[in-house]
Amino acid sequence: MLLEYFQMIDQVATLDCEAKRLIAHSTIPEDSPIFEGHFPGHALMPGVLLIETMAQASGYLVLGLNNFSQMPFLAGVKEAKLRSFVEPQTPITIEASLEHDGSGFAMTKAAISHDGQKICDAKLTFKVMPFPAPELEAEMRRQAGRIGLNLENAPT
Amino acid sequence: MSTDTFDKVADIIAETSEIPREEITPDSHAIDELGIDSLDFLDIVYAVDKEFGIKVPLEAWTQEVNEGKASTEDYFVLKNLCARIDELRASKGA
C-alpha cells in the first residue's frame, strides 16, 4: 500500500468471474505521512481509506468483469461499518462481490478482514462510464498488472 | 401502463426517497416534480431491476435525452417510465 498515492491494493488473489467476486491482499504500511496526522503518537489507518480500499477492490472487480471497457467511479457508500482499529503493518484481506450490474452503474458489497475477523464492510455504488481520458485507461491497466489482476479470466 | 407496475414503482420511490407515497402519481415527473436526483435515481433503478427482473437501459435513455432524440418526459414521467418497464418485461418474456 502507498496511502499517499492511493495505491490501496497490493495483490489480487482471486478474480472469480462466475461468482462475480474478487479477493485481494494488502498490508498497512509501517510509515506514511498520513500517520503523522492520524493520529499523533497513535497511528491508525483512517476509516475513509479503509472505505477507499473497499472501493478499489470493487472497482477492480468491475473492471475485470467488463474487461476494462468502462471505468467505475465511486458514487455512494451505504451502511459502512468500521468495526475495529487497524494499525500499521497489519495484513488485510479485501473481498468485493458484485450485487448488481446495472446500465451505467454497479452495486457491490465489500469487506476487509484481518486474521478472519471482520474490520469493516459497506455497500458501494459506482457510476460506470467510458474512460474520460486514454491516460486513465492506460494507468488502470498498468495498476491492474501491478496487482496481478488476471485479465485472462475476464470476459471478452 | 399497468396499474400493478405503477403501484410497485411508486412504492419503490416512496421507500427509496423521502417522498410521501400519496404525492406520487402517474403524471409525476421523477426529476422535475419529485426532485429525485441522478444518484437517488440509481437506487430506484436498482430496485426496479430487482423487482421486475429486467435491466432498465438507463445509459441509452440518458444518451437519447442528451442528444435531443427524446425528452425527459418520455422516460421520467412515471406513467411513461412504467410503460417502458412493461415493454421491457414483455420483451424479456417473449
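Modeller: The side chains of Asp7(B) and Arg21(B) form a salt bridge, with an N to O distance of 3.3 Å. Asp7(B) belongs to helix α1 of chain B, whereas Arg21(B) sits in the loop between α1 and α2 (38–52), so the pair ties together parts that are 14 residues apart in sequence. This model is predicted, and the description should be read accordingly. Asp7(B) is partly exposed, since its relative accessible area of 32% lies between the limits of 20% and 50%. Arg21(B), at 28% relative accessibility, also counts as partly exposed.

A second salt bridge joins the side chains of Lys8(B) and Glu51(B), at 3.6 Å from N to O. It links distant parts of the chain: Lys8(B) is in helix α1 of chain B and Glu51(B) in helix α2 of chain B, 43 residues apart. Glu51(B) has a relative accessible area of 41% and is therefore partly exposed. Lys8(B), with 28%, is partly exposed as well.

Lys8(B) also meets Asp4(B) in a salt bridge, where the N to O distance is 3.5 Å. Asp4(B) and Lys8(B) both lie in helix α1 (residues 3–16) of chain B, four residues apart, or about one turn of the helix. An α-helix has 3.6 residues a turn, so residues three or four places apart point the same way. Asp4(B) is partly exposed at 41% relative accessible area. Through shared partners, the salt bridges join Asp4(B), Lys8(B) and Glu51(B) into one network. Over all chains, the structure holds 13 salt bridges.

At its start, a side-chain oxygen of Asp37(B) reaches to within 3.2 Å of the backbone nitrogen of Leu39(B). The 15 residues of α2(B) should span 21 Å at 1.5 Å a residue, and because its end C-alpha atoms are 21 Å apart, the model agrees with that expectation. After α2(B) comes Gly53(B), which has a positive phi, near 65 degrees.

While Glu51(B) is partly exposed, the buried residues of α2(B) are Phe41(B), Leu42(B), Asp43(B), Ile44(B), Val45(B), Val48(B), Asp49(B) and Phe52(B). These buried residues include Phe41(B), Val48(B) and Phe52(B), and these three make the contact of α2(B) with another helix, as described next.

Two packed helices are described by the angle between their axes and the distance between the axes. For α2(B) and helix α5 (residues 78–93) of chain B, the axes come within 11 Å and cross at roughly 35 degrees. The crossing of α2(B) past α5(B) is right-handed. On the α2(B) side, the contact is made by Phe41(B), Val48(B) and Phe52(B); on the α5(B) side, Leu81(B), Ile85(B), Arg89(B) and Lys92(B) take part.

Terms used:
Residues numbered from 1 in each chain as written. Chains lettered and ligands numbered in written order. Predicted model: local features only at pLDDT ≥ 70, side-chain atom pairs only at ≥ 80, totals over all residues. Heavy atoms only, no water. Salt bridge = Lys/Arg side-chain N within 4 Å of Asp/Glu carboxyl O. Helix = DSSP H or I, 4+ residues; strand = E, 2+ residues; numbered from the N terminus. Buried < 20%, exposed > 50% of the residue type's maximum accessible area, 1.4 Å probe, protein only. Expected span 1.5 Å × (residues − 1). Polar contact = N/O pair within 3.5 Å; in protein donor to acceptor, adjacent residues only side chain to side chain. Axes fitted to C-alpha atoms, helices over the stretch in contact; angles between N-to-C directions. Left-handed = near helix turned anticlockwise from the far one by under 90°. Contact = heavy atoms within 4.5 Å.
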